[in-house]
Amino acid sequence: MARFEPVLLRGIGQLDLTDIENYKQLGGFAALEKALREMTPEAVQGEVSASNLRGRGGAGFPTGKKWSFLPKDGRPRYLVCNCDEAEPGTFKDHLLLEQAPFQIIEGLLISAYAINAAQIFMYIRGEFLEGFRIFKRALDAARLQGYLGKRILGTDFSMDIVVHRGAGAYICGEETAMLESIEGKRGEPRLKPPFPANAGLYGMPTVVNNVETVSCVPHIIERGAQWFASIGPEKCPGPKIISVSGHVVRPGNYEVPMGIPARELIEEYAGGLFPGRRLKAIQPGGGSSAAIFEEDLDTGIDFDSLAAKRTMLGSGGFVVMDDTTCMVRASQTLTRFFEHESCGQCTPCREGGQWVARMVSRLEAGEGNESDLRVLSTINDTITGTNLCPLGDSIMPFLSSVLRRFPEEFADHVREAGCPFRVGVAASMAS
Amino acid sequence: MTPERERRASELVARYPESQSALIPFLQFCQAHDGYVTQQAIHDAAEIAGITPGEAESIASFYTLLFKEPVGKHKIQVCRTLSCMLRGADELQQHVRQRLGLGNGESSPDGRFYYEEVECLAACDRAPCLQHNLEFHYDVTPEDFDRLLDEWRASDPGVSMPAE
């Protein structure tokens, strides 16, 4: 089978793309030149809109449309780049940051030009210290060659990038929490509206774009919206990096055309399952997404096809679980994650998340009872949809989906007063 | 405030449209030297941001990479979330706890080691993974850990939570 010709990951693994000369040798900064010398900001924005690029951070909102919401009222506008990747099972931005920093810089500069931003803020997850250092060095190299700072490439366009290191909080990946965090506050999401386009960073009109999203921009400018729009499904086209982890032979980041079947991703790219194992469940869009199962393997990996299966593409964290996996144990790690990461503002998330995590842990420890099972199967309605931000709504999807699919497995934990998978878990660890 | 900290504070304040944005980077800078966020650092940060020390403390307490009390110099943070769990994190954690003689969130009495089980580190294709003073180690087997531990035991990490 012919592999998709990588766009965002091109050269990674063969060339050191943290070296500006190597990046330029691959055609780097040609799109910036083209945008600044040959295109108006409106034309750049039009091209991105026409490409149908949808945000790669999780929500899949059309990028051009997001940009178009900025009011034309003369206030300074800010562009914030979200590199706070922490969605369980997602590790693509980590790779782009450490191995393709100039692509991010070029994408940010073109985007800032398109929206007439006053400044760019790059928010990098605190744990990505190495990536932070690589990015800072890349900024220095870009500045030395006139790609950053005053009068970029001799044009009237001046721009700088402020790098802000996070300090450990998953919730800061939510765009309004990120703005609070840059402002030096607790990373608590804001009530929307107002949306960041109207009242964002320091109360000014702000766009927050994900690392992978901005990395697409130079390619759209260089090769044209039509080229981008022709890859994959019409309504959510383009190349997409999927982070594949869990029980596959070759876990890794794979760049694929949006919409390829889940089966192809697992078998052709990730080397398939381990010999003798059967697929049990997949989380297709990070820890927040509901599971899909064997019968869904022909589903396309894209925003709309997965939404039709009542789950999501999300951030593209694709976690594969084979038949040695205990669904209660898997649910335990994820509910504990959300319990730990809740900012505590909304009661259903703060309290509900805590109780759910406790009940699942109890089941896994063999101390659960029938009433826990009843509560877990009905609590979705009171937790989901009752919070300020998507974190609270992320607690239940996976748990509910596997509880519906494998009710007997949860019941066995009560009946046997323990985890029947202990042996299975040990076997999966040894592999 | 020491002259060095004053210098850093003014650099940070100049970097942002509003001075409170300097709060977290300033605390990170102080922590790199002090090993944790001291009360003095909280007071200095509050002054820079123009807020009360209580507010500064509340903000600092929100972030897991800002330590509120002294912790061991070698900070070992092992991922515990789903993808690592599927590829041996339980076994690794058990081994690390036993080798260090520490539970989750504990520091050794001699102040050399700190152990924590943390949430997804975004390195799920090379699971199980851990960070040592924010440096990644991937695909870590118990044997790999023993080798790393020997190295760490023989070294003094100095600035163990670098700010930059």
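This is a predicted model: local features need pLDDT of at least 70, side-chain atom pairs count only at pLDDT 80 or more; totals for chains, interfaces and linings use all residues.
Residues are numbered from 1 along each chain as its sequence is written, chains are lettered from A in the order in which they are written, and side-chain values use heavy atoms, with hydrogens and water left out.

Chain A is divided into domain 1 (20–229), domain 2 (239–322) and domain 3 (327–430), with bounds from an automatic or database domain assignment. The C-alpha centres of domain 1 and domain 3 of chain A lie 36 Å apart. Their contact (heavy atoms within 4.5 Å) takes twelve residues from domain 1 of chain A and ten residues from domain 3 of chain A.

The area buried between domain 1 and domain 3 of chain A is about 860 Å², of which carbon and sulfur atoms give 74%; buried area is the accessible area (1.4 Å probe) that two parts lose on being put together, summed over both. A:Tyr170, A:Ile171 and A:Pro189 supply 51% of the area that domain 1 of chain A buries against domain 3 of chain A, more than any other three residues.

Within chain A, A:Asp93 is placed in helix α5 (residues 92–99), helices being DSSP runs (H or I, at least four residues) numbered from the N terminus.

Notes:
Helices (H or I, at least four residues) and strands (E, at least two) are DSSP runs, numbered from the N terminus.
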